[in-house]
Amino acid sequence: MKKILMAATMMVLATLSNAAEPVVEVLVGPRDANPGDKVAASKLNYPFGVDFDAVGNMIIVEYKGGRIFKRTPAGDLLHIGGLGRAGYEGDGGPVAKASFKDMHNVAIGPSGSLFISDHTNHAIRRVDSKGNISTYAGGKAGFAGDGETVKHAKFNMVISVSINQDKKYLLVADIKNHRIRRITLASGRVETVAGNGQRGVPVDGVNATTAPLVDPRAAAYDAAGNLYIVERGGNALRVVDTEGKVRTVAGSGKKGKADGVGQKATLNGPKHLAIDSAGAVYIADDNNHLVRCFDPKTGSLTTVLGGGEFKLNRPHGVQVYDNWLYIADSWNHRIVRLKLAKK
């Protein structure tokens with residue numbers, strides 16, 4: 001495996017939004033605050049998603065690069081999987097000999113297994129603790145398997161996966177089926193928790209499973225069990241409460257980058273989200289080249305990174321770990337992190 005020792009670069013920036021002197025570190029990739037419009041791939045090639053294992057290793061998956069990396073707490077970057085070409089190979093063997101087609105993100109399960117959204121293969125791939133890969137669910141475009149196990153499941157573009165805090169459920173953004181699907185990891189049972197399969201804007205207060213969704217790009221649970229959904233073309237953040245009712249909490253549906261409360265705020269092609277222990281929702285607002293934060297206590301959406309000296313270029317992945325927000329700054333081919341204020 002190729003081993004690269006990366007030294008993080010720390011930058012203390014001017015005030016951004018509601019954060020005084022935010023601390024930003026570049027962990028992998030170009031270190032300039034503003035690398036420019038066109039950055040060549042180097043260490044990473046379009047990183048899209050990150051997650052952390054039980055000992056603090058960061059797992060990184062690439063979109064077009066087709067590789068999986070592990071960055072250790074000491075800063076070593078190890079290429080652990082993926083042949084670096086598009087394909088659907090390797091099941092039953094080591095992940096080093098596997099190929100993928102447009103990986104979008106990764107979620108780490110209760111046993112340390114990696115669950116990967118193998119987007120264009122319509123599959124969830126799983127890497128076990130021994131480093132062997134298999135198709136966990138899907139593999140052919142379609143819609144099937146609700147009420148059954150993963151063996152019978154079909155998806156249409158597995159664009160994102162996430163695991164809830166107690167690692168009981170795997171959420172799947174089944175974007176072209178206009179649904180959020182949920183897999184109970186202990187049993188493998190599949191069900192729909194939001195979306196009726198039709199494209200449309202849900203009416204506030206209706207049952208989430210009977211409502212349409214525009215194009216659910218990612219979903220995550222907060223600690224209380226509320227399910228947040230970000231919609232790419234819908235330009236909105238929605239929530240399904242613990243009673244199963246859906247409502248829009250941020251975004252007017254129109255493209256824009258205005259901060260504000262509720263539907264007075266605007267988004268532009270948001271791609272991913274992550275939730276901290278206090279319930280704040282961080283959004284990779286791709287086409288605005290920003291990271292935004294939704295505060296459920298006030299209903300406000302604010303800009304936390306990308307609007308000042310430090311520039312992002314189409315961020316696609318966010319993750320909260322150990323009081324830092326990690327960002328896959330995809331078109332800058334780098335991973336950065338932002339120090340979060342203690343709450």
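**A chat about one predicted chain**

Trainee: Where does Arg199 lie?

Mentor: Arg199 lies in the loop between strand E15 (189-194) and strand E16 (206-207). Helices (H or I, at least four residues) and strands (E, at least two) are DSSP runs, numbered from the N terminus.

Trainee: And what should I know about the source?

Mentor: This is a predicted model, where local features need pLDDT of at least 70, side-chain atom pairs count only at pLDDT 80 or more, and totals for chains, interfaces and linings use all residues. Residues are numbered from 1 along each chain as its sequence is written, and side-chain values use heavy atoms, with hydrogens and water left out.

Trainee: Back to Arg199, buried or exposed?

Mentor: Arg199 has a relative accessible area of 57%, so it is exposed. Buried means under 20% relative accessible area, exposed over 50%, and partly exposed in between, with a 1.4 Å probe and protein chains only.

Trainee: Which residues does Arg199 touch, not counting residues up to four places away in sequence?

Mentor: Arg199 touches His178, Pro212, Leu213, Val214 and Asp215. A contact means heavy atoms within 4.5 Å.

Trainee: Now the whole chain. How many helices and strands does the protein chain have?

Mentor: There are 28 strands and 0 helices.

Trainee: What is the radius of gyration of the protein chain?

Mentor: The radius of gyration is 19 Å, which agrees with the value near 20 Å that a compact globule of 343 residues would have. The radius is taken over C-alpha atoms, and the globule rule is 2.2 Å times the number of residues to the power 0.38. Along the principal axes, the C-alpha atoms fill a box of roughly 50 × 50 × 35 Å.

Trainee: What share of the residues count as buried?

Mentor: Of the 343 residues, 58% count as buried. The accessible surface comes to about 13700 Å², with 48% of it belonging to carbon and sulfur atoms. Such areas come from the Shrake-Rupley method with a 1.4 Å probe, and for residues, only the protein chains shown count as cover.

Trainee: How much of the contacts comes from residues 24 or more positions apart?

Mentor: They account for 43% of the contacts with a separation of 6 or more.

Trainee: What is the average pLDDT of the protein chain?

Mentor: The average is 93, and 94% of the residues score at least 70. pLDDT is the predictor's confidence in each residue, from 0 to 100.

Trainee: Over which residues does pLDDT stay under 50?

Mentor: That is residues 1-19, for which the model has 65 contacts beyond four places in sequence. Where pLDDT is low, the predicted coordinates should not be read in detail.

Trainee: Different topic. What is the phi of Met157?

Mentor: Met157 has a positive phi of about 75°, although it is not a glycine. Met157 is in the loop between strand E11 (133-138) and strand E12 (158-163). Its relative accessibility is 16%, so Met157 counts as buried.

Trainee: And what is the phi of Asn323?

Mentor: Asn323 has a positive phi of about 65° and is not a glycine either. Asn323 is found in the loop between strand E26 (317-321) and strand E27 (324-329). At 27% relative accessibility, Asn323 counts as partly exposed.

Trainee: Where is Ala173 found?

Mentor: Ala173 is in strand E13, residues 169-174. With a relative accessible area of 2%, Ala173 is buried.

Trainee: Last one. What is the place of Thr248?

Mentor: Thr248 is in strand E20, residues 245-250. Thr248 counts as buried, because its relative accessibility is 12%. Beyond neighbours within four places in sequence, Thr248 is in contact with Asp204, Ala236, Leu237, Arg238 and Gln263. The C-alpha atoms of Thr248 and Val201 are 9.1 Å apart in space, and the two residues are 47 residues apart in sequence.
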